[in-house]
Protein chains: 2
Amino acid sequence: MDAAYAFEDAPVAYVGVRKAGDKEAAAIDWSHHLSRLSESRNVSPLKGLMKYMAQPGMISMAGGLPHTSYFPFEEISAQTYVPDAFSLTPEEKSSFGWLWTLFGGSAKKTKEVTIPKYVTGGDLKGVQLATALQYGQATGLPLLQKFINEFVIKVYRPANPTTTTLVHVGNTDGWAKCVLTLCNPGEGILVEEYTYPSALASAWPIGVRPVPIKMDGEGMLADDLDRVLSGWDVEARNGMKKPHVMYTVPVGQNPCGTTMGEKRKKEIYDVCVKHDIIIVEDDPYYFLQCGPYVPKMQRTTVHEAEEGKDAEEAFIKSLAPSYLHVDYEGRVIRLDTFSKTIAPGSRLGFFTCNPVFAERLLRAGETSTQAPCGFGQALITSLLQGWGMSGWIRWLRGIRAQYTMRRDMCMDALYDNFDLREDLRATDISAWDGATVLVAHKKGVQAMEKYDSSTSLFSIVPPVAGMFLWIKVHVYNHPAYEDLIRSGMSESLASATLTFRLWKKLVENHILWSPGWFFATDGVAPDITDMGFDPAVESKGMEGCFRVAYSSASPEDMKKAMNIFSEQVVKFFE
Amino acid sequence: MDAAYAFEDAPVAYVGVRKAGDKEAAAIDWSHHLSRLSESRNVSPLKGLMKYMAQPGMISMAGGLPHTSYFPFEEISAQTYVPDAFSLTPEEKSSFGWLWTLFGGSAKKTKEVTIPKYVTGGDLKGVQLATALQYGQATGLPLLQKFINEFVIKVYRPANPTTTTLVHVGNTDGWAKCVLTLCNPGEGILVEEYTYPSALASAWPIGVRPVPIKMDGEGMLADDLDRVLSGWDVEARNGMKKPHVMYTVPVGQNPCGTTMGEKRKKEIYDVCVKHDIIIVEDDPYYFLQCGPYVPKMQRTTVHEAEEGKDAEEAFIKSLAPSYLHVDYEGRVIRLDTFSKTIAPGSRLGFFTCNPVFAERLLRAGETSTQAPCGFGQALITSLLQGWGMSGWIRWLRGIRAQYTMRRDMCMDALYDNFDLREDLRATDISAWDGATVLVAHKKGVQAMEKYDSSTSLFSIVPPVAGMFLWIKVHVYNHPAYEDLIRSGMSESLASATLTFRLWKKLVENHILWSPGWFFATDGVAPDITDMGFDPAVESKGMEGCFRVAYSSASPEDMKKAMNIFSEQVVKFFE
């Protein structure tokens, strides 16, 4: 694969590689997907002077840029971790010791990066504060753009040769800019039936409403997508026209934890080609793909090679490919973020998409966020430069190993505390169809092969990616359930009432989980600042569900929390 | 003045001081100023869990936050300038030497700040990366908020006791969020007749159009504002309803360089009370208030005290007060930025406004930019903490002195190259009414007291603040002017043609100035990427005008540029 080539006369850069057929791919007209708002954005007149500024010898007195000598930072430096700071097989160490090995003071674990105010040789020789802290194009630092382009080619292997990248200030703002760029008020966006509430919250105020598509254990269903779009009835939808934009979290789906493989992505993509749908792929958990959960007793440690081309290739191949890889037309806007792989406070990420959308997103950036913060860009670019591409990939592998270990710790605790067995009968969560559903019973309840489903406590699908367990507690097996029904409650209201009771019990015992109803797509979730409970809104199909993040608590706390839950859920059913 | 007090149960903090009458001030209902978009923003359901997360002993598995051990930054440090890095009397030094004194390597000029990953004692003891790089509330780091609040009380002395602050990612995004929060499509915003084009560019795509108000040498005119609003005729305005939002740059106005004193601000404010107008005060140049220009021969160096309460008070008193100081009702949203006082790449600033608007702006942040970049927040907060309030004010005084020197250098060069004299006759730029207008003639053209206006070359008002000279070249005195008129051109088209000819001449001689038509409010400026010239759009009252930034070139280059301009403008008229 050759080097990236520059998109001439444009501030965005193609990451693709020239080959026969480029013209055709680039020739598709995407303009009918742009919102009225986006269409009416002009190039800022001051930006038009930029090319004159770049002429050698030009004394620019056009822009209100402060002289770099007034930046009170002479140099910034950082102690950064080395790429292999985290082991690829963390489970070998004791579950308590792993976390603290970093802080033992081994000098080998950190490396210093330094960013001076001035670097000789221009912006591609090294990051300098004189550039990073000055007004810059919304395309970001040239060295960062270069690194991102190389990374996109290496890891995502985009099918469309005109694919370009553009930095943004995090996926939340990236998605908000996509909505403003693509959608007019009153339009619908296609989403998974359970989805990330903040994504809906960005779209809601501009009058854009979710159109849920059914899921199974691998995510969105291509046939349901086709069914919804083929049968679109504007009148039956209260005047909403047929959607042309999809929002999807295909890996480590939030909240369900589903991950979509290449085959399904191709099926979905084909439906999108058929109905001319733009896919916005929000993929923050892409590098947290842990593979299937294997119970502790059956688990064997696989020693991967630390470095080398083979190890890198094996890692890349182990990841479900991005929609970019199947996107031969250029109808995908991928959102990447450094929030999960470096730190959320980075407020830095990037779009990968066709040049038409990239140019409109760039214009949107110029009149709002401008370039991402220069301090963040400088430090992250220097970190990545210092590590190199191989170092960055080694770091991602270490982070993946950490999340694998965290997922395993939580699952192991449930295995220890319950009889957890695969249940081949259909579950009552359609999003679990086809996945390995484990059903929990109190230990020793029955010695039979086939459990009595009336004594089951909860079910769970061990996630293969991301940060979340999605647990469904079988509140309909609760002893009070029938009484509630007899008292006149609907099934769903009775279930919701019991779910809320358990959620409160967990909070009283100092465990905070997210209730499932946060992730419903049938309305914007209510203000639950005081956890006020409005069954009319909250009981729509989310009965008994909880989203459990295994990303942030210490291993000790996580273990403790899983044990407290185990205790409480057993008590709850008594 | 007492300390700031916290706004209970809200993530924004009052900066005002409790006193009798607070209730009344807080009781004004501002909700009718909110846009439909802003009204429909909900609290993110996940944010509603935040207060549970803060309970001691709570094990939170609710949010998808990465564990802080995964942030690959162990420590960040910076070599920062000391607060008195810049002299308060820079003109004492040679014009070439001043810039380089900083780089001489004097160890005294820098100070190290260090930000560790973990600080014991909580977030108000010091900045820690574990907090700064984690997901955070859109209100920013607590220590930064505290510093900003103290600064606002000390320097702006807001009249409204319920005034609150909220960080943003720079004034461009701050203003864009104000437009979305306050304006519905089709509405108008009141602006100065010459204004900052990027501000219009943010409002234009959502269908918000500028309503220009006449200016004089101090900025917007209160009587014209009242006239426009009192006589508002929806039909005559093509259905546009009476505006309720004003955008203004009252200090170092962009592009005209005008600065508005307290008396005028009170007059404008009273008109705004009468017509229920919200004032958005975009004030990036507030600390670049240099005072009136005094020609070199008459200039005397005033030695200000370096430090101490009196010196600080004198500095604060020397600044035209902010609208906040006259805003007894709470109808001002002030935009502050660190772009001109620290560095543009900071992408950090803050709103100061009433709590109702602050809460809506906070919601807008939560679903888009979230908190500003943690690297930037951490470094800037540590810089300000390290300097302390007195150090920060000393730094601002040094920066002001630098801009004063730059302004003086440019004006001195014009004085040296031309006969530059005050002309008491009315100018043809209304924005200069009441200001000291200097008119330039070629040296030695006439020895008479009264110049012949037909031989004048250009006129200028020396700015008292900001970064810009606004020069009007008298193209109607050009020898070709009459010929162009005779050839059938309108006066304005002839003037515009000659202006463009001079602009191109300057570019050929490696001087890039901004043409005046960029700053017109009678339409969104055309795409001038190729400097294509559309007289129909560009010739509306901007004939002969140039905006000249004296902020970024080196003193040598600035001097050179002023000399080249002097040469070229004389040649141009020959």
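Is B:Q370 buried or exposed? B:Q370 is buried, with a relative accessible area of 12%, where buried means under 20% relative accessible area, exposed over 50% and partly exposed in between, for a 1.4 Å probe and protein chains only.

## Basis of the model

This is a predicted model, in which local features need pLDDT of at least 70, side-chain atom pairs count only at pLDDT 80 or more, and totals for chains, interfaces and linings use all residues. Residues are numbered from 1 along each chain as its sequence is written, chains are lettered from A and ligands numbered from 1 in the order in which they are written, and side-chain values use heavy atoms, with hydrogens and water left out.

## Backbone geometry

Most residues other than glycine have a negative phi, and most peptide bonds are trans. B:Q370 has a positive phi, near 55°, and is a residue other than glycine. B:Q370 belongs to the loop between α11 (355-366) and α12 (374-417) of chain B; helices (H or I, at least four residues) and strands (E, at least two) are DSSP runs, numbered from the N terminus. In chain A, the non-glycine residue A:H510 also shows a positive phi, of about 65°. The loop that holds A:H510 runs between α14 (491-508) and β18 (511-512) of chain A. A:H510 counts as partly exposed because its relative accessibility is 35%.

## Helices of chain A

Two packed helices are described by the angle between their axes and the distance between the axes. Axes are lines fitted to C-alpha atoms, for helices over the stretch in contact, and angles run from 0 to 180 degrees between N-to-C directions. Helix α5 (residues 142-156) of chain A packs against helix α12 (residues 374-417) of chain A at about 20°, with the axes 9 Å apart. The helices α5(A) and α12(A) are therefore roughly parallel; angles under 35 degrees count as roughly parallel, over 145 as roughly antiparallel, 65 to 115 as roughly perpendicular and the rest as oblique. Their crossing is left-handed, meaning that the near helix is turned anticlockwise from the far one by less than a right angle, whereas clockwise is right-handed. The contact of α5(A) with α12(A) comprises nine nonpolar, four polar and two charged residues. In this classification, Ala, Val, Leu, Ile, Met, Phe, Trp, Tyr, Cys and Pro are nonpolar, Asp, Glu, Lys and Arg are charged, and the others, Gly among them, are polar.

Helix α6 (residues 171-182) of chain A and helix α11 (residues 355-366) of chain A meet at about 110°, with axes 10 Å apart. The pair α6(A) and α11(A) is therefore roughly perpendicular, and the crossing is right-handed. From α6(A), the contact uses A:K177, A:C178, A:T181 and A:L182, and from α11(A) A:F357, A:R360, A:L361, A:A364 and A:G365; contact means heavy atoms within 4.5 Å. Five of these residues are nonpolar, two polar and two charged.

## Buried residues and their contacts

B:T80 lies in strand β3 (residues 73-81) of chain B and is buried, at a relative accessible area of 1%. Beyond its neighbours within four places in sequence, the contacts of B:T80 include A:P72 and A:F73 of chain A, as well as B:L383 and B:W387.

A:F350, in strand β13 (residues 349-353) of chain A, is buried with a relative accessible area of 3%. Leaving out residues up to four places away in sequence, A:F350 touches several residues, among them A:I148, A:V152, A:L166 and A:F338. A:M240 is placed in the loop between α8 (222-230) and β10 of chain A and counts as buried at 13% relative accessibility. The C-alpha atoms of A:M240 and A:G186 are 6.4 Å apart, although 54 residues separate the two along the chain. A:G186 is also one of the residues that A:M240 touches, when residues up to four places away in sequence are not counted.
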